[in-house]
Structure formats: C-alpha cells, structure tokens
Number of protein chains: 2
Amino acid sequence: MSQKIISPKVTLVGAGPGDIELITLKGIKAIEQADVILYDALVNEALLEYAPNAKKIFVGKRRGYKAYSQEEINHLIVENALNYGHVVRLKGGDSFVFGRGFEELAYVELFNIPSEIVPGISSSIAVPALANIPVTHRNLSQSFHVISATLSDGSLHPDFESLSQLNGTVVVLMGLSKLREIAQIYEKNGRGNTPFAVISNGTLPNQKTVTGTSENIFDLAVKHKIQSPAVIVIGEVVSLSNQTYQSIHFYQNFLN
Amino acid sequence: MSQKIISPKVTLVGAGPGDIELITLKGIKAIEQADVILYDALVNEALLEYAPNAKKIFVGKRRGYKAYSQEEINHLIVENALNYGHVVRLKGGDSFVFGRGFEELAYVELFNIPSEIVPGISSSIAVPALANIPVTHRNLSQSFHVISATLSDGSLHPDFESLSQLNGTVVVLMGLSKLREIAQIYEKNGRGNTPFAVISNGTLPNQKTVTGTSENIFDLAVKHKIQSPAVIVIGEVVSLSNQTYQSIHFYQNFLN
C-alpha cells in the first residue's frame, strides 16, 4: 500500500465579515486544498462545505467560553500540519485586524513549516459600506481610524480622547459594551451632535443598523436590542447613509 | 426578431490590491454577469477576462492624465446602465476607501437604477500584511489609522501631527511624494526612531519593501528607487516584519 507523503503547510485565511461570498478567490482555493481547517466563531460555517473531506476543528469561543487557549491553538495548528499536511487557519474578517494571525504564523515558523497569508475583507470597512456608510468621503472624511474598544486588560482604549478631536471616521470593533462610555467622551468634548451608527450582524441577512448621535445612540441601541457582534461608526459620514445625492452635494458645497 | 430587454443595474466592485486572486467571489460573479465594465488604472486587467463579452471602458488616469472627469464617469455609468443593462464599476482596493464610490452610487440613485456594493480587499490592510506587517498586534498596536497624505487641495493632511502622538499603526495611502514631510513630523515630535516601511506594488510579483525609521526612510526609499503606487506604514508593528517568534515574545513581555 502506498503511503501519503505529508507536506506540512499553513495558510492563514481571512473569511470576511459574514456573507459567504465575501471571501477571496484565493481563500476559497486554499479551503478546497485543505487537509485540516481550524476555524473561529465568527466564520460563516457554510464556507466549510468547500472542503468536504477536510478535518474541521472549531477553536473559537462559544457562549463566552473558549474551547482552546491561544497557546493550544498554536500547538493544534503545528500538530495538524505535521500530521495531515495543509492546515487552513480560518478567521473572521481579516486575520491581522485584531485577529492574532501574526502570532500564530510566527509560531508556525519555529517549525520551519511554510506559511501563506490570504487577506480577508475586514468588517471595519465592509460592514459600514453595506450599511451605506463610506468610511471616507471627499471633503467629509480623509481618514479613518479602526480601534478595539478595550485594551487587553479590559479598560477603555485611551486613544478615544484624541480621536474624538480629529475629523476622520472612527470605527470601533468589539465595542458594544463600551458604547455608553465612548459616546460620553464625545459629549464631554463638546461634540454631542456627532453622528453615531451601530451595526450588528453586518453583511448578513439579519443585519441591523441604528443611527443617532453621541447623545442618544446608547438609548437607541438598547431600545432596538442591538447585540454583538456589532461595529460602531462615528463621524460625519454616518449622516450620508440616509441622504440623497442632492443633499449630499449641498452638504459638500456648504463645507467647501 | 426578439429584442433584449434592458434591466439597468450598477454594481460597485472592489477589485482588491492587485493580486488577481484577491478579489471576492461576489466580485467575480458580478464581473461574469456584466454587460459593461468601467475600470480604473489600479485594477488588475486580467480580471476583465472573466467577462469576455462585456464592453470595457477604461476611465482611470494614465501618465497623470485623466481620461474622464468624475462627472463624466458618473454620466458614463448611468448611460451604459440604461443602454446595456448591468454595469460593473470596478475600482482598485475597496471603493469606499478614498475611492469616490459613494458619490457614484448616489448619482446612480437619482435615476432609480438599482445598485449593489461589493467590498474589496483594501490595500491599507492587505499590502502591509503581505509585507509581513500586521496593522494590529497584541500589546503593540490596538488601533490603526488610514489616511490619505493630502487633502483635496494638495496640502499635507493636518492630522499627522496628532497621529504621530498616538500608539496605533498609521497607514498612509497615496503618500510617497509626502514621505519626507511626514517623517519630519515624527522627528520634530521626538519620535525620530519610529519604524517606517514603504511598500510599492504590494501583493504583486514586483512588490518591493523598504524599512527604516523616520530618520532614514526618505533616503532609503530614494536609494531603492521606490515608486508609486506605494503604501507607507508607520509604527512599532513594522519592526515585527523581520523578527522571529522568540524576539517577538521577548519584546511583548518586555512591554507588559
């Protein structure tokens, strides 16, 4: 009997923001060629159907409970690559946007296992876009700032204070539980009329968007029962989402 | 003879950063179903082969010369949708990241033409990633800031001053001609040792990366003949690109 020769390889694939067709062609090809797939909670599980014969291991959080520590995930990736060949590490969004993808690849390199990076569509840009909010817009926003609401110790990210004083769009990931505190920073800094949007389940059929200002967004999010995962968008571009071409151009000319 | 019924539709598709396989599955499907494709200079033209029978119109800049004004592009989109049906507007990267995609869709809406948005992989995240630089990394960078180097009047974006004082990663698009000025802001603010990377032709076979600090990056980019299109990355994450797992973990523990 012939024995399969194992060629270990790890491909880090960004699965995109949720919609199954928002993965790249390169990502699909990697999944099709996978011997093993390790996937997270925010990955659309329908993507696993591209690899009917691969071994699938869920390594995400469920009901707030982590199945594996980061160290265990690192070991699982290497162990599976050495034993089965091509491991696809499938993460929601893009693996390098708060995804710890780099740490995993650095560990894989210790074992001289070849690796590849396949970027994914990041929720930070695509979720606002599909809620009709462009993160940049001529004359309104020439920059955008993507931030996790908390530092690793759970405290509010200190940069909100500075960001609330810039003109660019602020996109907050994993921030719903800090929405009230973030909005209060804007109010405190005299920017109580800053447009806010909260988008849950972005790009999916159950996507839900609530828009308001720093003064009322927390109450509106509670009222509309917005739940995680949610993306918060802050800045003038939020007000574009409900406007017509005429009013947008009036607004632009007004700003010029 | 039967006559084809025209159903006007416009799909705004992000083509990704250059690599032909870094377009989404949804983007490819839109191209395959296009009657007309309007595409920009930074789009990989190999993508047009997915639509052998579609009419293709190049509307980008060549040698600094614009074939069409933004207003003319808006008209072309609508005119082609009304006359031929499904227009795919194909832009480099993501259409909502300095892409004026929103303006075009707003114009299309005036004519009650249905439209759809297909996000693309943005160079702002993917180009650093494929140069081995994660825009975020636990303990090093819990935010990233994407900025165009200049405002629409050609002056340097005023927010570099504030951004140079935050800890997050700064990603500058369309900024090569302002590299010297940007680096000088960091030096002036006592951050002369901040790591800088300049990546040209990111994700393509001719990708070129130069890394240094705010003190020497301009000279290095000149020396290595870096040309546009280029992405500038600023911040501690740049120093990860050449490090091993051990040194990364040493560095992290050092910071903790």
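Where is the place of B:Pro229 in chain B? Select B:Pro229 and you land in the loop between α7 (217-223) and β12 (230-234) of that chain; helices (H or I, at least four residues) and strands (E, at least two) are DSSP runs, numbered from the N terminus. The bond to look at joins B:Ser228 and B:Pro229: the peptide is cis, with omega about -5°.

Before moving on, some ground rules. This is a predicted model, where local features need pLDDT of at least 70 and side-chain atom pairs count only at pLDDT 80 or more, while totals for chains, interfaces and linings use all residues. Residues are numbered from 1 along each chain as its sequence is written, chains are lettered from A and ligands numbered from 1 in the order in which they are written, and side-chain values use heavy atoms, with hydrogens and water left out.

**Zoom out to chain A**

Show chain A as a cartoon: it has 8 helices and 12 strands, and its C-alpha trace spans about 75 × 40 × 30 Å along the principal axes. Colour by pLDDT (the predictor's confidence in each residue, from 0 to 100); the chain averages 92, and 93% of the residues score at least 70. For the complex, the predictor gives an ipTM of 0.93 and a pTM of 0.94. Of the 256 residues in chain A, 56% are buried, where buried means under 20% relative accessible area, exposed over 50% and partly exposed in between (1.4 Å probe, protein chains only).

**Back to the loops, now in A**

Select A:Pro229, in the loop between α7 (217-223) and β12 (230-234) of chain A. The peptide bond from A:Ser228 to A:Pro229 is cis too, with omega near -5°. A:Lys225 counts as exposed because its relative accessibility is 64%.

Next, jump to A:Asn132, in the loop between α4 (123-130) and β8 (143-148). A:Asn132 is not a glycine either, yet has a positive phi of about 70°. At 25% relative accessibility, A:Asn132 is partly exposed.

**Into the core**

Now pick A:Val10. In the largest nonpolar core, which has 78 residues, A:Val10, A:Leu38, B:Val10, B:Leu38 and B:Ile133 touch the most other members. (A nonpolar core is a set of buried Ala, Val, Leu, Ile, Met, Phe, Trp, Tyr and Cys residues joined through side-chain atoms within 4.5 Å.) A second, separate core has 47 residues, including A:Leu179, A:Ile232, A:Ile234 and B:Ala221.

Contact means heavy atoms within 4.5 Å. Leaving aside neighbours within four places in sequence, the contacts of A:Val10 include A:Ile77, A:Val87, A:Leu105 and A:Val108. Highlight α3 of chain A (residues 101-109): 8 of its 9 residues are buried, A:Leu105 and A:Val108 among them.

A:Gly18 is in the loop between β1 (9-14) and α1 (25-32), and is buried at 7% relative accessibility.

Finish at B:Ser95, in the loop between β6 (86-91) and α3 of chain B. Is B:Ser95 buried or exposed? B:Ser95 is buried, because its relative accessible area is 5%. Beyond four places in sequence, B:Ser95 contacts B:Leu12, B:Val13, B:Gly14, B:Arg100 and B:Gly101. B:Gly101 is itself one of the buried residues in α3(B).
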